[in-house]
Amino acid sequence: MSSPEPFQIPLGITLRDDARFENFLCQGNELLCNTLDQAARGEGEQYLYIWGNSDSGCSHLLQAVCHASDPVGRTAVYLPLDELMDMGPGVLEGMEHLDLVCLDHIQIIAGNKQWEEGVFHFFNRIRAENNRLLVAGDRAPRQLSLNLPDLASRLSWGMVFQVHNLDDDGKVRALQLRARGRGFTISEEVAWFLIHRASRSMADLFELLDKLDSASLSAKRKVTIPFVKQVLGL
């Protein structure tokens, strides 16, 4: 049964509203994006594992799947394990009954016997329910240094994707896409200026874009290079 918002457990874990497929530039990750879109609709592989560094967008993609699941009447939950470690693996009890569960930051449980066993048993329960499990980490399953070999094996059962980082051209397009999503536009010239003057981390670039958006609304000015220089104090 569909609910007004994607299913959320009462743990203070919420989805970022902007973490959606339409805000993610799939350049270099086209097959992955298509596969995740299928997962949101209950199609394709039952298990998926995606991995990449902190700038690759793994967390964005898992949350995007949850957002995309709700309009088609499927229950989904996003569980960032780095925020749930202190609660213990009991927090997973009952989650196997949801259509889709997304476990993020799986690398955080490596070496924790209780959590490794908890995730292993959860995997078996969700398999028995024939529901879908998406897992994300910062490295491939066999590189997680898990102490429980059977868990490493389970994580490799489905398709495994590395999420590829954008090159600079892709970052320009991603900045323009994100700006359009916020209701304003930036030229390629401005986007390149930001990339050359700021950190190349997408998280930092998006944070800077948000700052420029707020400043432009306040000043009622377009985001031009002179305006960017003024805001950044250059």
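**Close-up views of a predicted model**

**View 1. The secondary-structure elements around the largest cavity.** In this predicted model, strand E1 (47-51), strand E4 (132-137) and helix H5 (149-155) each contribute at least two residues to the lining of the largest cavity. Strand E1 gives the largest share of that lining, with 3 residues.

**View 2. The lining of the largest cavity, residue by residue.** The residues that line the largest cavity are Tyr-47, Leu-48, Tyr-49, Phe-123, Leu-133, Val-135, Arg-154, Leu-155, Trp-157 and Gly-158. The space inside the largest cavity comes to about 40 Å³, and the structure holds 1 cavity of 30 Å³ or more.

**View 3. Leu-103 in the largest nonpolar core.** The largest nonpolar core has 55 residues, and of these Val-101 and Leu-103 touch the most other members. When neighbours within four places in sequence are left aside, Leu-103 is in contact with Leu-62, Leu-79, Leu-81, Leu-92, Val-119, Phe-122, Leu-133, Leu-134, Val-135 and Ala-136. Another core, of 23 residues, lies apart from the largest one and includes Ala-174, Phe-184, Leu-208 and Ile-225. In soluble globular proteins, nonpolar side chains tend to be buried together.

View 4. According to an unreviewed UniProt entry, residues 96-161 carry the annotation "domain: Chromosomal replication initiator protein DnaA ATPAse". In the model, the end C-alpha atoms of residues 96-161 lie 23 Å apart, and this span is 35% helix and 21% strand.

Terms used
Residues are numbered from 1 along each chain as its sequence is written. This is a predicted model: local features need pLDDT of at least 70, side-chain atom pairs count only at pLDDT 80 or more; totals for chains, interfaces and linings use all residues. Side-chain values use heavy atoms; hydrogens and water are left out. A nonpolar core is a set of buried Ala, Val, Leu, Ile, Met, Phe, Trp, Tyr and Cys residues joined through side-chain atoms within 4.5 Å. Buried means under 20% relative accessible area, exposed over 50%, partly exposed in between (1.4 Å probe, protein chains only). Contact means heavy atoms within 4.5 Å. UniProt positions are given in the numbering used here, feature names are shortened, and annotations may be inferred rather than shown by experiment. Helices (H or I, at least four residues) and strands (E, at least two) are DSSP runs, numbered from the N terminus. On a 1 Å grid over the protein atoms alone, a cavity is a set of points where a 1.4 Å probe fits but cannot get out, and a pocket is an open set with protein on both sides within 12 Å along at least five of seven lines; lining residues have an atom within 4 Å of a point. Grid points are joined across faces, edges and corners, and a volume is the space filled by probe spheres set on the points.
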